Amino acid sequence: MGADDVLLEIEDLRTHFLLDDGVVCAVDGVDLRVRKGETLAIVGESGCGKSVMARSILRLVDPPGHIEGGRITLHREGGPVELVGAHRRLLRQIRWRDIAMVFQEPMASLSLVHTIGSQIVEAVRLHENVGKAAARRRAIEMLDRVGIPMPQRRVDAYPFELSGGMRQRAMIAMALSCRPSLLIADEPTTALDVTTQAQILELLRDLQADFGMAIMLITHDLGVAAQVADSMAVMYLGRVVEYGAAEQVLAAPRHPYTRALLRSMPRLGRASRTRLTAIKGMVPPPYARPDGCPFHPRCDSVVAGKCDVVLPRRIPMADREVSCLLYEEEA
Ligand SMILES: Nc1ncnc2c1ncn2[C@@H]1O[C@H](COP(=O)(O)OP(=O)(O)OP(=O)(O)O)[C@@H](O)[C@H]1O
């Protein structure tokens, strides 16, 4: 990966929740890069820290969560900006204009009491020196671009007047109205039926081709990731355990967790009649992080006296990075 290609670089990011019962290390040393124009899928079981990691980028984690350490560098025109220590005012400028975010439930980010159009107009005018009429034209254009029928009328609709799929399209229109270089999409299709899900994924792919933005797609669904991702990062208990080109990770997973995850999925990487195998055990409760490799209690390849003691480091390989002691010698 050429250094010039990198749009966002996350180094040793740690986001913790300080609760009465203890500390939840939701994100515990994440290293990742997003290249300009690519789709990076973040995958892993529920609770592994995907959303908290993504929300940390724009510092959208609410107390008692806070970023304990690490660096997030955005390479934008005019030079790199470090986001973890950035002033709130700078973050407000970056949100929408450089980095926009869409969530599983668009109602979480759309205001109920304002029309779709007025929300897009406000986002555009916050960042660009344009008049109301021009911003409204942009809103209609964007609603049209995301496939909302009769955009001249829908621009004055309230979010609750639209169906789930149309609301998600409106949210995407709003997110892209300032032409960000990175769109973070957190489970954007999870709440939708399969047909609408496929349409939204296709829309994101089309918009990416048009606008040239990068997408960080958070999904628990490896099938979705396989359809759209260029790169893939597999997370387990707050850490990235495998990271590389999506095609290679899916075709030849190396981390025992990635392998187990693929074996538990229908269709991917298996003959249709092979039985699915659930990953043994459960994700441990957030306070009870195992010593050594966090995955060792569930791992098929565990080496006693080693994996339960040593926290694996990130091992760079020819086509990926893997955090597993099995590959220590290859390094
Ligand atoms: N507000 C909060 N207070 C306490 N713990 C939290 C809070 N938000 C998240 N966590 C914890 O942080 C960890 C990571 O959660 P996160 O939502 O990032 O997981 P995820 O991989 O996105 O899963 P899901 O797809 O279910 O959202 C979990 O253990 C979760 O319980």
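**Exercise 1. Determine how helices α3 and α6 are oriented relative to each other in this predicted model.**

Solution. Helices α3 and α6 are roughly parallel to each other. To reach this, take the axes of α3 and α6, which come within 9 Å and cross at roughly 20°. Angles under 35 degrees count as roughly parallel, so α3 and α6 fall in that class. As for the hand, the crossing of α3 and α6 is right-handed.

**Exercise 2. List the residues through which α3 and α6 meet, and sort them by class.**

Solution. On the α3 side, the residues are Ile116, Gln119, Ile120 and Ala123. On the α6 side, they are Ala170, Ala173 and Met174. By class, the contact of α3 with α6 contains 6 nonpolar residues, 1 polar residue and no charged ones.

**Exercise 3. Classify the crossing of α3 and α4, then describe the contact.**

Solution. Begin with the geometry: the axes of α3 (residues 116–127) and α4 come within 9 Å and cross at roughly 120°. That angle makes α3 oblique to α4. The hand of this crossing is right-handed.

Next, the residues. Helix α3 contributes Gly117, Ile120, Val121, Val124 and Arg125. Helix α4 contributes Lys132, Ala135, Arg136, Arg138, Ala139 and Met142. The division of this contact by class is 6 nonpolar, 1 polar and 4 charged residues.

**Exercise 4. Carry out the analysis for α4 and α6.**

Solution. Helix α4 spans residues 132–145 and helix α6 spans residues 164–176; their axes come within 9 Å and cross at roughly 130°. Helix α4 is therefore oblique to α6. The crossing of α4 and α6 is right-handed.

For the contact, Met142, Leu143 and Arg145 of α4 meet Ala170, Ala173 and Leu176 of α6. The classes in the contact of α4 with α6 are 5 nonpolar, no polar and 1 charged.

Now look back at individual residues. Met142 of α4 takes part in the contact with α6 and also in the contact with α3. Ala170 and Ala173 of α6 meet residues of α4, and they also meet residues of α3.

**Exercise 5. Describe the shell of residues around the ligand.**

Solution. Step one is the count: 15 residues surround the ligand. Step two is to pick out the closest, which are Ala26, Ser46, Lys50, Ser51 and Val52.

Step three assigns the shell to secondary structure. The strands β1 (6–19) and β2 (22–35) and the helix α1 (50–57) each supply at least two residues. The largest share, 3 residues, comes from α1.

Step four is the class composition of the shell: 7 nonpolar, 7 polar and 1 charged.

**Exercise 6. Locate two backbone features, one at Pro64 and one at Met150.**

Solution. Pro63 and Pro64 are joined by a cis peptide bond, with omega at about 10°. Pro64 sits in the loop between α1 and β4 (65–76).

Met150 is not a glycine, yet its phi is positive, at about 50°. This residue lies in the loop between α4 and α5 (151–154).

Technical notes: Residues numbered from 1 in each chain as written. Predicted model: local features only at pLDDT ≥ 70, side-chain atom pairs only at ≥ 80, totals over all residues. Axes fitted to C-alpha atoms, helices over the stretch in contact; angles between N-to-C directions. Helix = DSSP H or I, 4+ residues; strand = E, 2+ residues; numbered from the N terminus. Parallel < 35°, antiparallel > 145°, perpendicular 65-115°, else oblique. Left-handed = near helix turned anticlockwise from the far one by under 90°. Contact = placed C-beta atoms within 7 Å. Nonpolar A, V, L, I, M, F, W, Y, C, P; charged D, E, K, R; others polar. Near = placed C-beta within 6 Å.
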